[in-house]
Amino acid sequence: MKRISALVVGSAAVLLAGAAYSADLRFGVKVETPSVDPHWSTNTSAIAVGRHAFDHLIAKDELMGLEPQLAESWKAIDDLTWEFKLRKGVKFHDGTPFTADDVLFSFDRATNIETPTSFKQYLADKKGEKVDDYTVLVKTSTPNPLMETDLAAFAIVSKKHGDGASTADFNSGKATIGTGPYKFVEWKREDQLVFEANSSYWGPKATWDKVTYKPIKSNPTRVAALKSGDVDIIDQVPTTDIPSLRKDPKVVLSAGTGNRPFYVWLDSRRDLSPYVWNNDGSPAWPNPLRDWKVRKALSRAINRPGIVDRVFEGSATVGTQLLPEGFYGYNEDLLPEPYEPDMAKKLLAEAGYPDGFKVTLHSTTGGYLNDVKVTESIAQMWTQVGVKTEVVLNPKQVFFSKITGAMNNSTAVRTYSVASGEPSIQLKAVVHTGPIKGTVYCCQPTGMSNPRSDAAIEEAIVTIDRDKREQLFKDAIGIAVKDYGILPIYFEVYTWASRPGIKYIPRLDGFSMAIDVVATN
Amino acid sequence: MTVFIIRRLLQAVLVVIIMTLLVFFGVMVVGNPADILISEDCLGECYTRAVEYLGLNLPLYEQYFVFLKNALQGDLGTSFKYGVSALVVIVERMPATFELAVSAMTITIFVGIPLGMWAGLKPDSLSGKVIMGGSILGFSLPSFWVGLMLILLFAVELGWFPASGRGETVEVLGIRFSFLTADGLSHLVLPAFNLSLFFTALVIRLTRAGVRETMFVDFIKFARAKGLQVRRVIFVHVLKNILIPVVTVLGLEFGGLIAFAVVTETIFAWPGMGKLLIDSIDNLDRPVVVAYLMIIVSLFIVINLVVDIIYSVLDPRVRLQRVQN
């Protein structure tokens, strides 16, 4: 697999390789977990932190592939029933043995706990059943091809301690008793979160004796904290600092492509779109974006490598679709879109817009890394080929509810991560016209509508066969991208910086976990 | 005095109610919290359930009445983001902020007033001019920049102080303090200094202006003619007279230090409540924003009350007026 995984090791790191490392790890993170309760939040930071004290039935490795954790093996008995064989001899931190009862209890708690960021999305329509202490059946009312991915989502807590425990009980540590490689010590919100190694862990032993998470939101401070030795490793290294940190012999960078695609959303559904005008300022009728050639022209006008090099200082990769390379459902036939401004002008002329038209490009400000610069770059590139583009930026709170949520835009720079590790939710939300009968549909409307990609998605989400389903995903995204329904632009590269002697195993999902910090000497 | 205090407290209740109205409806003008809080994979029934849990399915005015009803029972709501009581989230961070604000205030008083008096007594000396020049810098340099420079110089280059965080703390009566440990104290130095910079400059200028003015007033001339020691004239007669405006400003600014030390807290990753407000607005975590501002408004009212009481201690004329009224 050719996923970019640049590991930049300063020369001094090699010299210092012999130095002993302390077995304490201090991790400076940009985003603090909202809670230690592993069922409270599906946020990246919450799941990452949760995996220290709690194991899952199935874990996701750094490439979001599935690996057995508390479930040793699993199989579909028929279309509606899956059997999970649990690992034997596993003990919770307090010494109680782990059994099927804990699985059923966790299943129930994760489904029913009242929270805005609920795991219910993964667990609804599933029913757990105990066969014996180490066998669990999970039943659904319709065939569910996503069973493994869904069951990988939630953490297993102890029934003994978790029964009746509130989120506050987890935050205080009273109920934070799991089977994971680290034991919870204490959490002072906004200050520090401490774990210590679980010496009786069933799996590979913890690398660190003590792990301290320190939330440092401000970018320059996080970098300074690493340089001054306050912390051993930081995440979300600001792109502007990367060139200088690369040269710094006292810093090791670990980087890898993330699972968050950024794309241009185009309104090709409506005949009259609110932010497209003729050159004289009158509303454009019919909406030029409905024309395939216009959309292709807009795509060819964007200099993607330029954005990656200039805006991100190389800390991004050109996107050809919604999934990063090597991911389940990645379509190898889709190649990077060439940057051809002349071709773009020609296409516009052919489509009947030799002098272009006017359009507004919406985006967030401060919602994502470099979002403002990216939007302004794209607007300039479009203007250069004759499509006069105005930029309107909004804070993410306004953007999601008043702009994109209300379809109050014609073009926008947007993103939708493939957080679950399986692309069906993402395709439903970004590509499918929606709503799909008998299934849930996203709250925000797509700008594109293509019956062929719709059909492929509808078939994929009920296909159990993994290879057949993957082919359908490839077809769906292939059709959407070749139709220029969406214009994929780039993927963020996630970067961690550490002191010499340790490095991070970059993760597609961007989780910052002590489990993935390894000593290099 | 009692009537005065009761009247002030009644006003306070009114202010708090108006404030909750403004904030409550203001947050919804910005955007719907549901769009921010609910994860992008949570669709259909999951979404509906989450909206119901947050109480956002009710009409806005009903949401407000629910909030009022709970508030009267002492429940300011559950944080959308953290899932625990909004009040707990805020109160947890109060000691850190108070500690920072009190430290900054101490620096301001013990550095600002003496320097200001010196500059006022010797306005033409070199030292006086240097102090005044320095105070202009303290005024005009943006505190996020100064904060970063402090970190770069003292943490990264010299390594004297840590770059961020609160360090080791000691629990006294259930409240955690960091100034009681060496590690905690070293964490406190840079942020407290950074926070105090602006206010120290302000106090220097106020004190200097006061001293310059008072030195030529008749009662000072009389005191000196009477043969009182210069020290006594300055530290009793002059100081007492210039303190009224200084106390007013310090009082008002102390509230500001507590409520809005956002920049310093963010730069130094100090786990205080100023940062909490910004984060909560960012997440449209309405219960926390409302509760936070309710606490801050009450705090300001109390501080103003205290300032008024200090006035009457410092200046007999204020007491006299009240009696006459």
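This is a predicted model: local features need pLDDT of at least 70, side-chain atom pairs count only at pLDDT 80 or more; totals for chains, interfaces and linings use all residues.

How are α16(A) and α17(A) oriented to each other?

1. Helix α16 (residues 451-460) of chain A packs against helix α17 (residues 466-482) of chain A at an angle of about 160°, and their axes are 8 Å apart. Angles over 145 degrees count as roughly antiparallel; α16(A) and α17(A) are therefore roughly antiparallel to each other. The crossing in which α16(A) passes α17(A) is left-handed.

2. The residues that form this contact can be named on both sides. From α16(A) come R452(A), S453(A), A456(A), I457(A), E459(A) and A460(A). They meet R469(A), L472(A), F473(A), D475(A), A476(A), I479(A) and A480(A) of α17(A).

3. Helix α5 (residues 86-121) of chain B and helix α6 (residues 126-140) of chain B cross at roughly 130°, and their axes come within 8 Å. This angle is the reason why α5(B) and α6(B) are classed as oblique to each other. Their crossing is left-handed. On the side of α5(B) the contact is made by L115(B), W118(B) and A119(B), and on the side of α6(B) by S127(B), G128(B), I131(B) and M132(B). The residues of the contact of α5(B) with α6(B) divide into 5 nonpolar and 2 polar, with no charged residue.

4. Which residues of helix α12 of chain A are buried? In this helix (residues 341-350), A344(A), L347(A) and L348(A) are buried. Viewed down the axis of α12(A), its buried residues fall within an arc of 100°, so they line one face of the helix. On the other side of α12(A), D342(A) and K346(A) are exposed. The cover over the buried residues of α12(A) includes α10 (292-300) of chain A. Just after α12(A), G352(A) adopts a positive phi of about 100°.

5. The loop between β14 (276-277) and α10 of chain A holds N278(A). N278(A) is partly exposed, with a relative accessible area of 27%. Not counting residues up to four places away in sequence, N278(A) touches P283(A), A284(A) and K358(A). V387(A) is 109 residues from N278(A) in sequence, and the C-alpha to C-alpha separation of N278(A) and V387(A) is 9.9 Å. P286(A) also lies in the loop between β14 and α10 of chain A. The peptide bond from W285(A) to P286(A) is cis, with omega near -5°.

6. Most residues other than glycine have a negative phi, and most peptide bonds are trans. Against that background, Q236(A) has a phi near 45°, a positive value in a residue other than glycine. Q236(A) lies in the loop between β12 (233-234) and α9 (242-247) of chain A, and is partly exposed, with a relative accessible area of 42%. In chain B, A269(B) has a positive phi near 50°. A269(B) is found in the loop between α11 (262-267) and α12 (273-282) of chain B. With a relative accessibility of 2%, A269(B) counts as buried.

7. Is N198(A) buried or exposed? N198(A) lies in the loop between β10 (192-197) and β11 (210-215) of chain A. At 3% relative accessibility, N198(A) counts as buried, since the cut-off for burial is under 20% relative accessible area. Its contacts, leaving aside neighbours within four places in sequence, are with H93(A), T179(A), G180(A), P181(A), Y182(A) and K183(A).

8. The last point concerns T221(A), a residue of helix α8 (residues 219-227) of chain A. T221(A) is buried, with a relative accessible area of 0%. Which residues is T221(A) in contact with, leaving aside its neighbours within four places in sequence? In chain A, T221(A) is in contact with I216(A). In chain B, the contacts of T221(A) are L148(B), I151(B), A163(B), S164(B), T266(B), I267(B) and F268(B).

Key. Residues are numbered from 1 along each chain as its sequence is written. Chains are lettered from A and ligands numbered from 1 in the order in which they are written. Side-chain values use heavy atoms; hydrogens and water are left out. Axes are lines fitted to C-alpha atoms, for helices over the stretch in contact, and angles run from 0 to 180 degrees between N-to-C directions. Helices (H or I, at least four residues) and strands (E, at least two) are DSSP runs, numbered from the N terminus. Angles under 35 degrees count as roughly parallel, over 145 as roughly antiparallel, 65 to 115 as roughly perpendicular and the rest as oblique. A crossing is left-handed if the near helix is turned anticlockwise from the far one by less than a right angle, and right-handed if clockwise. Contact means heavy atoms within 4.5 Å. Buried means under 20% relative accessible area, exposed over 50%, partly exposed in between (1.4 Å probe, protein chains only). The arc is that of the directions from the helix axis to the C-beta atoms. Ala, Val, Leu, Ile, Met, Phe, Trp, Tyr, Cys and Pro count as nonpolar, Asp, Glu, Lys and Arg as charged, and the others, Gly among them, as polar.
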